[in-house]
Amino acid sequence: DGLSQHLLLVDRQPRIATAQRLLGVGSIAVKLRGGSARSGSVRSIGYIGSYLSEFAAILELRKLPPNEVTRPMRAILQPKVDIPGDFAQKPVRASLVPVNPSQGAAINGLQHALEKIQGPPGTGKSTTIFHILDARVPPGQRVLVTCSRNVAVESIAQKLEGLDGWPLCVFGPRDRVGETARRHLLDVQVGGHLDERKVPRVAGVVAERASALKAAIATREAACRGCRGDRFLRAFLRKRYAAVYALVDFCGRLASYCDAAAVAPDWCKERAQAGKEQVLGRGRVFLCTIASTSRMLREWEEAMGEELRVHTVVVDECGCTPESSTALLLRLHPQNLVLVGDHKQLPPTSLAPPQALEGTGHTRSLLERCVLASGRVHQLREQYRMHSSIAALVSGLFYAGRLLTPGAVARARAEREGRPLVWHEVQGREEAPERSYVNLAEVGACVRACARLRERAAGASVALLTFYRGQLDQLMRAVPSDLGVEVLTVDACQGSEFDHVVLSTVRANREQRLGFVKDPQRICVAISRSRFQLLVVGNRATLAGDKDWLRVQEACSPSQPQEMRPERPVPVAGSFTSVFDMLAKLKERNAAAKAATALEEEAAGGKGSRAGLGKGAPRSARAEAGAESLMWQQGSLRGGAGGARVQPRREGPYDGVAHPRAAPYRAPKTEAELQMQFPELGFPAPLGTAADAKAASQRLPRGTADLRPATRNDEKRARRSAQRAALHGPPSEPDAGVLRGELGGAPEEGQEPPWVDVDEAALFEMFPDDADAVEETLRCFSGASHQGARALEALLARPVAAASKTVLDVEDDLDYDRAPAVDDEDEEAEGGEYSDAD
């Protein structure tokens, strides 16, 4: 659960975390193997499987014999040398998808093993990829099309879906790909065979739904019987309620499936395996993101039992793909490698600081290196997105004036918008409260501009862009969610397009310091997202220090009062649901739904408590339980407030409320319940008289009634206790009289039961193999009233057989369940138990 037994990077060194304690939202303390402990904030840098796959591919390429080096590999090493490729010579079928002259020239000009196609914004790169597969790849050969984002996967899938003779197979997470790509996912084409853990729950739901549907049909058919022409009436019912009859048939087939899966659990896996082999065997076009390439290779090797080989690899959005990612693609031994992208737009991103990457080449893509080295590239020149004025500005700044706008597109954009480039001057001041720049004056201006745009273009798409994360947070909290405005950073919107774009530049200072706002690649992306109008909100004096921004100012018209003044006043803060609030609620609902699903599956599989999710449980079940636990404990999707949480105590019983979970722990309230939950205490048989039954039904003293819930470490303690018992023999039975005799008789009706203390010597007799724990517990409650009873409560909260640590304990785990609680503020003031992680 959580980060326990995970590989962490601490001070740039790999370490193993053996135990943990959550300190707050995004903050954690871990104990590392070897004894040291560290604390700090947690930041996920991605799925390590992708990095390991790329690294393994690089090592494999280094060891490749010279006779196995393919032509694309040699072309990558020597981009100035033209090495012939293997392309088919078929005519371009423009009747399927129209092509313009520049696209046709790029498609027909492919002849080398390494080809580069530069596609500026809105020039139809997906159309070009469609015709490359249709006209230039030999029939019967496999092709891999990969890109960096799922938005591009959806765009390419929409084009390739209509390509005859090229079965499409998409790899990726179901909840992230688009609707068209989702229809071609491997799991969807296989048939969506159920996980064996879900079969019992699905069988119950199917039986319930089928019974209700059959009852409804039977009622209507019974009303038709005996009537004149009942046969025709029943036929009308089948036609009128065809969906209901189809559902009944589907439920019957699904019930048969569940019955077969229950009798033979491996039957589901065999059917899924056979389906994967069939789908992958007939697939000719594989489509995925770069991050999902390792998943695709794993699926292929597990299903087919051999390495995947493809004829051609097409890399879309190659301008923002790190060159290290192409090593995984070269493992497929392609004959042709086609790079499609735009190195004038955003480069590959990295979580490392920019100054640490200077001179490493990590921010340079393979497309940029090969284009600059060879000087040859096929360029797409006709753009279909932007207003002709916006296109002229983008073309003059970054593409040497080569971009053209077709006449039909130029007329359509001009008829709808007469002021495509607008500059609104804001005399604000930049601030950096949390290591990211904000400009509050621009926030208000952007909200008014968006509100006015929504009033005069109700059905148009509007985006509010900014360069800085801090400004993004301020804008998301200030923009009402009912405006329907997308609030994004410039880096997150590459590949997207909108009818209207409002751009907040943020920077405003006398020294004309701009940071990465003056990066030409970011400027290119920022000003090329709009179809009709780009409204720039900024400070002219500050941005005039950069030549590119100076040309943007010269091309823009000054804003007019009616463009920045909405007819209805903007609501004040706190009186509306902002974009930030809406996204937070959406994340909370999604997280709650996932947690509920995980708990249902856990309960259906007989895992009502977390103690059943040990090492013997399925890996996916343990992962779901760990995710559910972290979600509720961290409150990461609840903003740190509103969710119930357990309040640890320094002294006395637990009085907090645990977070919702399956089969919650219920503390014993009567002697009979205590016997049932703790049979190892050695209680005698139940009393038979009415008086004894009445006495047994009385509430137990507070020291034994308010036991705390079981926690994660309990299972680990029980397992180690079993190992110690196997070596040293079972522990001696505790004296039940210590518990029952010391408590005295039952109190009278209406009287609160007395709290009778427990002798310290009796505790050592009850826990003979755990003397150290008894001493530690007594020391914790030293000076408190009823010290022995409180210590007994804490000791009973652990498995009774737990003993002191022996040589079997190879790890010195932190026992967070019994450690005294320390508030975050106190821990910082006292130096704490941990040192700050760098």
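Tutor: Let's start inside. This is a predicted model, and its largest nonpolar core has 38 residues, of which Leu144, Phe286 and Leu337 touch the most other members.

Student: What is Phe286 in contact with, beyond its neighbours within four places in sequence?

Tutor: The list runs Arg142, Val143, Leu144, Val145, Cys169, Phe171, Leu280, Met296, Trp300 and Leu308. Apart from that core lies another, made of 35 residues, including Tyr468, Val490, Ile523 and Val552. As background, nonpolar side chains in soluble globular proteins tend to be buried together.

Student: How much of the protein chain counts as buried?

Tutor: Of its 838 residues, 45% do. The chain exposes about 42,700 Å², and carbon and sulfur atoms supply 52% of that.

Student: Now the charged residues. What makes Glu417 and Arg456 a salt bridge?

Tutor: Their side chains meet at 3.6 Å, N to O, and the cut-off is 4 Å, so the pair qualifies. Glu417 sits in the loop between helix H16 and strand S12, while Arg456 belongs to helix H17, so the bridge ties together parts that are 39 residues apart in sequence.

Student: Which labels do Arg452 and Glu567 get, buried or exposed?

Tutor: One of each. Arg452 has 16% relative accessibility, so it is buried by the under-20% rule. Glu567 has 66%, and exposed means over 50%, so exposed is the word for Glu567.

Student: What makes Arg531 and Asp499 a salt bridge?

Tutor: The N to O distance is 2.6 Å, so the pair is within the 4 Å limit. Arg531 lies in strand S16 and Asp499 in strand S15, so parts 32 residues apart in sequence are tied together. Arg531 and Asp499 are both buried. Salt bridges with shared partners also join these two with Arg385, Arg416 and Glu497 in one network.

Student: How many salt bridges are there in the whole structure?

Tutor: The search finds 26.

Student: And how many disulfides does the rule give?

Tutor: The count is 0. Take Cys288: the closest cysteine sulfur, in Cys147, is 7.8 Å away. A disulfide needs the two sulfurs within 2.5 Å, so that gap is too far for a bond.

Student: Is Cys288 buried or exposed?

Tutor: Buried: its relative accessible area is 0%, so it falls under the 20% limit. Cys258, at 2%, is buried by that rule as well.

Student: Last one: how many helices and strands does the chain have?

Tutor: There are 33 helices and 18 strands. Among contacts in the chain with a separation of 6 or more, 74% come from residues 24 or more positions apart.

Key: Residues are numbered from 1 along each chain as its sequence is written. This is a predicted model: local features need pLDDT of at least 70, side-chain atom pairs count only at pLDDT 80 or more; totals for chains, interfaces and linings use all residues. Side-chain values use heavy atoms; hydrogens and water are left out. Helices (H or I, at least four residues) and strands (E, at least two) are DSSP runs, numbered from the N terminus. Buried means under 20% relative accessible area, exposed over 50%, partly exposed in between (1.4 Å probe, protein chains only). Contact means heavy atoms within 4.5 Å. Accessible areas come from the Shrake-Rupley method with a 1.4 Å probe; for residues, only the protein chains shown count as cover. A nonpolar core is a set of buried Ala, Val, Leu, Ile, Met, Phe, Trp, Tyr and Cys residues joined through side-chain atoms within 4.5 Å.
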